[in-house]
Amino acid sequence: MLKAWFNSIPSFARAVIMIMVALFLFDLMGAIIKHLDGRYPAQQLSFLRNLFGLVPSLIVLYLSNDWHASGRPVIIRNWKIALMRGGMVAIAQFSYYTALTHMEFAITNTLASIGPIFITALSIPILGMRVGPWRWAAVFIGFAGVIMVIRPGSGIFTLYALFPIVAAFCYASAAVTVRMIDSNVPSATINLYSTFGALVGALILTMSTGGFVPITSFQDWMWIFTMGAVGGCAVILLITAYRETLPSNLAPFEY
């Protein structure tokens with residue numbers, strides 16, 4: 001009954017609801033990463049986030065009626081784009097997690113809030129869409145509002161301030177390129193490919209920068225599992241939202 005009610009809502013309104021829930025979950029994930037601050041390297045947290053993030057993807061895919069009706073396909077035509085998104089997500093996660101472990105949570109999120117501007121700008125060359133002055137104005141007003149509310153201090157002027165900006169660009173690239181994947185491919189399948197690509201990328205980063213730090217606390221394992229599950233759910237919602245409408249339409253609502 002709830003699913004039928006949700007499907008009866010106009011697609012743009014559904015997309016707005018999903019992206020706002022996704023952003024809440026991303027903030028929750030960021031708070032968990034900040035809670036684990038300093039105990040584990042960013043690249044290891046990225047690997048574990050993607051490893052446990054596979055769980056909600058597999059569950060949603062298994063529950064997808066469209067996936068079962070189409071013969072449960074695993075190989076998709078746009079698999080290269082889907083895996084490429086995973087590589088961008090791996091870079092984004094490493095950059096964002098590194099920023100969180102070296103900067104204040106509010107400052108990191110302020111800088112990462114430039115993402116909607118990147119999304120709007122990238123929609124022009126990648127999707128060939130036209131972005132009018134009203135959409136640009138909404139995005140910049142939203143970004144200005146974030147800065148006014150959070151009021152980042154002098155801690156913003158450090159080398160680590162570049163990391164959330166890199167993360168925002170990579171996340172924006174992943175958000176825009178999802179529109180290049182065939183519309184009949186379930187969002188859970190896209191997320192499965194992207195998460196696997198990010199998992200491989202994070203594993204390479206981890207193994208090339210000193211390997212894994214042992215996790216000996218059961219409490220930390222539970223925090224890490226929650227981080228992965230929450231992040232996985234957020235990405236599924238984000239992918240679905242950006243497939244419901246154009247990215248530039250949703251960009252202002254990220255604020």
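# An all-helix chain, contact by contact

Take the contacts in this protein between residues at least 6 apart in sequence: 88% of them join residues at least 24 apart (a contact means heavy atoms within 4.5 Å). What you're looking at is a predicted model, where local features need pLDDT of at least 70 and side-chain atom pairs count only at pLDDT 80 or more, while totals for chains, interfaces and linings use all residues. Residues are numbered from 1 along each chain as its sequence is written, and side-chain values use heavy atoms, with hydrogens and water left out.

**The overall build**

- The secondary structure comes to 12 helices and 0 strands (both are DSSP runs numbered from the N terminus, with helices being H or I of at least four residues and strands E of at least two).
- If you read along the sequence, the pattern is α-α-α-α-α-α-α-α-α-α-α-α.
- Buried residues make up 49% of the 255 residues (buried means under 20% relative accessible area, exposed means over 50%, and partly exposed is in between, with a 1.4 Å probe and protein chains only).

**Helices α10 and α11**

- Find α10 at residues 187-207 and α11 at residues 218-244: they pack at an angle of about 125°, with their axes 9 Å apart (axes are lines fitted to C-alpha atoms, for helices over the stretch in contact, and angles run from 0 to 180 degrees between N-to-C directions).
- That angle is why α10 and α11 are called oblique to each other (under 35 degrees is roughly parallel, over 145 roughly antiparallel, 65 to 115 roughly perpendicular, and the rest oblique).
- The crossing of α10 past α11 is right-handed (the near helix is turned clockwise from the far one, whereas in a left-handed crossing it is turned anticlockwise by less than a right angle).
- On the α10 side you'll see Ser187, Ile190 and Asn191, which meet Gly232, Val235, Ile236, Ile239, Thr240 and Arg243 in α11.
- The residues of this contact between α10 and α11 split into 4 nonpolar, 4 polar and 1 charged (Ala, Val, Leu, Ile, Met, Phe, Trp, Tyr, Cys and Pro count as nonpolar, Asp, Glu, Lys and Arg as charged, and the others, Gly among them, as polar).

**Helices α2 and α5**

- The axes of α2 and α5 come within 9 Å and cross at roughly 55°, so this pair is oblique too.
- α2 passes α5 in a right-handed crossing.
- From α2, Met29, Gly30, Ile33 and Lys34 make the contact, and from α5 it's Tyr96, Tyr97 and Leu100.
- Sorted by type, the residues where α2 meets α5 are 5 nonpolar, 1 polar and 1 charged.

**Salt bridges**

- Side chains of opposite charge can pair when their charged atoms come close.
- A search of the whole structure turns up 3 salt bridges (a side-chain nitrogen of Lys or Arg within 4 Å of a carboxyl oxygen of Asp or Glu).
- Glutamate 244 pairs with arginine 14, and their closest N and O atoms are 3.0 Å apart.
- Glutamate 244 lies in α11 and arginine 14 in α2 (residues 11-35), so this pair ties together parts that are 230 residues apart in sequence.
- Glutamate 244 is partly exposed at 25% relative accessibility, while arginine 14 is buried at 13%.
- Aspartate 220 bridges to arginine 39, with the closest N and O atoms 2.8 Å apart.
- That pair links distant parts of the chain, 181 residues apart: aspartate 220 is in α11, and arginine 39 is in the loop between α2 and α3 (42-62).
- Aspartate 220 is buried at 4% relative accessibility, but arginine 39 is partly exposed at 37%.
- Aspartate 182 bridges to arginine 77, again with the closest N and O atoms 2.8 Å apart.
- Here the partners are 105 residues apart, with aspartate 182 in the loop between α9 (162-177) and α10, and arginine 77 in the loop between α4 (65-69) and α5 (79-102).
- Arginine 77 is exposed, with a relative accessible area of 65%.

**Two buried asparagines**

- Asparagine 78 sits in the loop between α4 and α5, and at 7% relative accessibility it counts as buried.
- Leaving out residues up to four places away in sequence, asparagine 78 touches Met180, Ile181 and Asp182.
- Asparagine 191 belongs to α10 and is buried at 2% relative accessibility.
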